[in-house]
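Here is a friendly walk through one protein model, from its overall build down to single residues. Please keep the viewer open as you read.

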Amino acid sequence: MSSNQNLFERAQQCMPGGVNSPVRAFKSVGGSPFFVSRAEGPYLFDVDGNRYIDYVGSWGPMILGHNHPDVLDAVIATARQGLSFGTPNPLEVEMAEFLTQLVPSLEMVRMVNSGTEATMAAIRLARGFTGRNKIVKFEGCYHGHADSFLVKAGSGVLTLGLPNSPGVPAAVADLTLTLPFNDLEAAKALFAAHGPDIAGLILEPIIGNANLILPRAGYLQGLRELCSEHGALLIFDEVMTGFRVAPAGAQSLFGIRPDLSTFGKIIGGGMPVGAYGGRADIMRQIAPSGPVYQAGTLSGNPVAMAAGLAMLKALQAPEFYGRLTEATNKLCQGLTRAAHESGLPFTTNQVCGMFGLFFANEPVETYEQAKAADTARFNRFFHAMLKRGVYLAPSAFEAGFVSIAHDQAVIDQTIAAARASFAEIA
Ligand code: PMP
């Protein structure tokens, strides 16, 4: 038995599904996961000595590639000073200053430990600030696993076909209203019916948890206007897109100023970090300056702040996002060409360091279209690529991530593996 198989057998005895986060288990693509012992640049190495070109990047944070020396050095140097103090520390101030300078809508920010914590706190704040109870989310968007968000969610919820999780009381779920993404008329109708009760509208400005779906021209602006008109807060969940699609996230790409934003992944440099922030008048409602309670034993952890700061600073290199965009473009163009050579229906969506692959004939602009793509074919493609040393997200409903370490040679190798894989599954 291989070390991978042995570990998975052991893991299943003592961990639900053998994993600590559902999509890792390969349930929808079939087969069993590999166990990674080391990662470097664009590569993962498993316990059986296999090397994979990695397009998951720890689900987003690894935009510099794995084990970047700046991040590693910052973590080691900071850890030597102590792992956690439970007092204010200088690095969290530096982080808050850095974030608020980079993102204009972020007048104040609070650090937490995950994306889930950030979104959970953001909607509590929206409710506390407005005195209203309902929140609006979009079909296929994933905002972590807090009760209010497990309603028509994306990511693992969608992959595993669990649209509404047991354990979420109906009384809570009923306060979450849902909308189809990219349909402004539907949003107008919902606000016309429920406007005075809506505390906030939360969305991924670019959906990365139902494969990759981009907003139509003017859509986000339309949502911004609707929220302002009805006194609801506009909350951009930039846990995935923040510092990934542009230096100041999707909000800078589309020129929208949300009232609140949430971040995670990249801002922790690979450590467990999240953040939420926005308008100062709203953020001042958070304890201890205001009455809306939210706290965290390890929040602002110095080692995590050092990792995140080192990563954010490295992203300020000239032409960083241009180079990342170019790498993603080359990848998507090469994959599309190779798929069409095998006569397969295939289309991609992409933005800077994020991409989505669809076995579909038409461009994909909606959640329904993403769901209608051929997922069975994707599952076969996933395994064909894995066999050739390329690791894509083990689900047709997750965006892919390119890092700055994915150079021309790595992209070329990926396209060569894809050409053979497409021929195999055609
Ligand atoms: N929001 C978005 C947009 C996400 O993609 C994710 C995680 N993929 C989360 C929130 C939840 O973050 P975490 O897994 O760190 O709790």
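In which strand is the place of Leu201? Leu201 sits in strand S7.

## Ground rules

You are looking at a predicted model, where local features need pLDDT of at least 70, side-chain atom pairs count only at pLDDT 80 or more, and totals for chains, interfaces and linings use all residues. Residue numbers start from 1 along each chain as its sequence is written.

## Overall build

The protein chain has 15 helices and 14 strands. Here helices (H or I, at least four residues) and strands (E, at least two) are DSSP runs, numbered from the N terminus. Along the principal axes, the C-alpha atoms of the protein chain fill a box of roughly 55 × 55 × 50 Å. The radius of gyration of the protein chain is 21 Å, which agrees with the value near 22 Å that a compact globule of 426 residues would have. That radius is taken over C-alpha atoms, and the globule rule is 2.2 Å times the number of residues to the power 0.38.

Of the 426 residues in the protein chain, 49% are buried. A residue is buried if 20 or more other C-beta atoms lie within 10 Å of its own, exposed if 12 or fewer, and partly exposed in between, with C-beta atoms placed from the backbone. Among contacts in the protein chain with a separation of 6 or more, 73% join residues 24 or more positions apart. Two residues are in contact if their C-beta atoms, placed from the backbone, lie within 7 Å.

## Around Leu201

Leu201 counts as buried because 28 other C-beta atoms lie within 10 Å. Not counting residues up to four places away in sequence, Leu201 touches Val136, Leu223, Cys227, Ala232, Leu234 and Ile235. Leu177 is 24 residues from Leu201 along the chain, and their C-alpha atoms are separated by 9.2 Å.

## A helix pair

Two packed helices are described by the angle between their axes and the distance between the axes. The axes of helix H3 (residues 90-102) and helix H11 (residues 302-314) come within 9 Å and cross at roughly 35°. Axes are lines fitted to C-alpha atoms, for helices over the stretch in contact, and angles run from 0 to 180 degrees between N-to-C directions. The crossing of H3 with H11 is left-handed, meaning that the near helix is turned anticlockwise from the far one by less than a right angle.

On the H3 side, Leu91, Glu92, Glu94, Met95 and Phe98 meet Pro302, Met305, Ala306, Gly308, Leu309 and Leu312 of H11. By class, this contact has eight nonpolar, one polar and two charged residues. Ala, Val, Leu, Ile, Met, Phe, Trp, Tyr, Cys and Pro count as nonpolar, Asp, Glu, Lys and Arg as charged, and the others, Gly among them, as polar.

## The ligand shell

How many residues surround the ligand? There are 17, and the closest are Ser114, Gly115, Thr116, Gly144 and Val239. A residue counts as near if its C-beta atom, placed from the backbone, lies within 6 Å of the molecule. Helix H4 (residues 115-130) gives the most to this shell, with three residues. By class, the shell has four nonpolar, 11 polar and two charged residues.

Gly144, one of those closest residues, is also in contact with Phe149, as are Thr119, Lys137 and His143, leaving aside neighbours of Phe149 within four places in sequence. Phe149 is found in the loop between strand S5 (134-138) and H5. Phe149 counts as buried because it has 26 C-beta neighbours inside 10 Å.

## Backbone exceptions

Most residues other than glycine have a negative phi, and most peptide bonds are trans. Ser155, in helix H5 (residues 155-159), has a positive phi near 55°. Asn211 has a positive phi near 65° and lies in the loop between strand S7 (198-203) and helix H8 (219-230). Ser155 is buried, with 26 other C-beta atoms within 10 Å, and Asn211 is buried with 31 C-beta neighbours inside 10 Å.

The peptide bond from Ala287 to Pro288 is cis, with omega near 10°. Pro288 belongs to the loop between helix H10 (280-283) and H11.

Ser2, in the segment before H1, counts as partly exposed with 15 C-beta neighbours inside 10 Å. Met15 lies in the loop between helix H1 (3-14) and strand S1 (36-40), and is exposed, with 11 other C-beta atoms within 10 Å.
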